[in-house]
Amino acid sequence: MMLTLAQAGEGTFWFPAQAAEDAAKVDDLFYFVLYVSVFFFLLIMTILSIFVIRYRRRDDSAPQKSPSHNTVLEIVWSVIPTALVVYMFYAGFTEYLSKRQPPAETYEIGVTAQKWSWNFTYPNGHVTDVLHVPVDENVSVLMTSEDVIHSFFVPAFREKMDVVPGRYTKAWFKPTMVGEFDLFCAEYCGTSHSEMITKVVVHPQDGPDSFEEWLREDSDFLSKLSPVDAGKKVYQMRGCAQCHSTDGTSGNGPTFKGVWGTERRMADGSAVTFDENYVRESILQPKAKVLVGYEPVMPTFQGRIKDDEITALIAFLKSLQ
Ligand code: CUA
């Protein structure tokens, strides 16, 4: 469409880069609505100003008689705006339908939102906290939430969909540009909503950086890395880092620095030693023992995390002295 200002590869004043197949259509419709609105705003304001000045009440004259009717004018100002809004509805609704119905063949990735991080699950069971996708392939995301309503938003793909607890929602896109793009939560979900930010990494089709290579390498980390390094990776990819710092600062959860083996006071007054079994229980049943001064807001990882990953995580926590 002639109104488009955006060129693939770079952002504009209004939009980030167009990094998915349908992004240009979304932008075209936005510019169409914008320019139609600007045109009519200026037209109406100009005529209004002229009339206000020209037909103002003058002291020395009697009120002017208004014309009662002008059929040609009335048809013109009814038909043209009607045609414009019908076109806006048609373009918006057809694009909406195409975005709701994924193509027959898509690469499906599971998305789990929780306060306040994202988990992405690939068909081989591997989980990450950053979304990785192949370029030029139809990718669908099957999304659900562990707690409250979140919203999956990738501005560069012009893709946004609510992520709702107790049900699945779907979205799909076809990335057209290799690179890293922002992924936000676009639904207010509590204290750290504004920090519920991650990235989408779009991999090239071939070569050492390809999606298949990355998935094969990254899935294998438990057997390749030392327990401490593997545990650090679990800490990041499972979203622990969003709430638990390793530098001593307190977040939505307590820090992990220098706490191994210490005695901790719980909200119910009891004392618990920060050891292997306490860590394991807190991952699987986070509300069983809550540290004094903190809210019981951590979601459970029961059924979502492997024992090997918990063991690696314990090795990492032990190393934070
Ligand atoms: Cu999750 Cu806002």
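Me: If contact means heavy atoms within 4.5 Å, how many residues of domain 1 and of domain 2 are in contact?

Reply: By that cut-off, 15 residues of domain 1 touch 15 residues of domain 2. The model is predicted, with local features needing pLDDT of at least 70 and side-chain atom pairs pLDDT 80 or more, while totals for chains, interfaces and linings use all residues. Residues are numbered from 1 along each chain as its sequence is written, and side-chain values use heavy atoms, without hydrogens and water.

Me: What area do domain 1 and domain 2 bury between them, and how much of it is on carbon and sulfur atoms?

Reply: Counted as the accessible area (1.4 Å probe) that two parts lose on being put together, summed over both, the value is about 1200 Å², with 54% on carbon and sulfur atoms. On the domain 1 side, Ala-19, Glu-21 and Lys-99 lose the most area to domain 2, together 44% of what that side buries.

Me: Why is α6 called oblique to α7?

Reply: Helix α6 (residues 276-284) and helix α7 (residues 307-318) pack at about 125°, their axes 10 Å apart. Under 35 degrees is roughly parallel, over 145 roughly antiparallel, 65 to 115 roughly perpendicular and the rest oblique, and therefore α6 is oblique to α7.

Me: Which residue classes make up the contact of α6 with α7?

Reply: With Asp, Glu, Lys and Arg counted as charged, the contact has 7 nonpolar, no polar and 4 charged residues. Those taking part include Glu-276 and Arg-280 of α6, and Asp-307 and Lys-318 of α7.

Technical notes: Axes fitted to C-alpha atoms, helices over the stretch in contact; angles between N-to-C directions. Helix = DSSP H or I, 4+ residues; strand = E, 2+ residues; numbered from the N terminus. Contact = heavy atoms within 4.5 Å.
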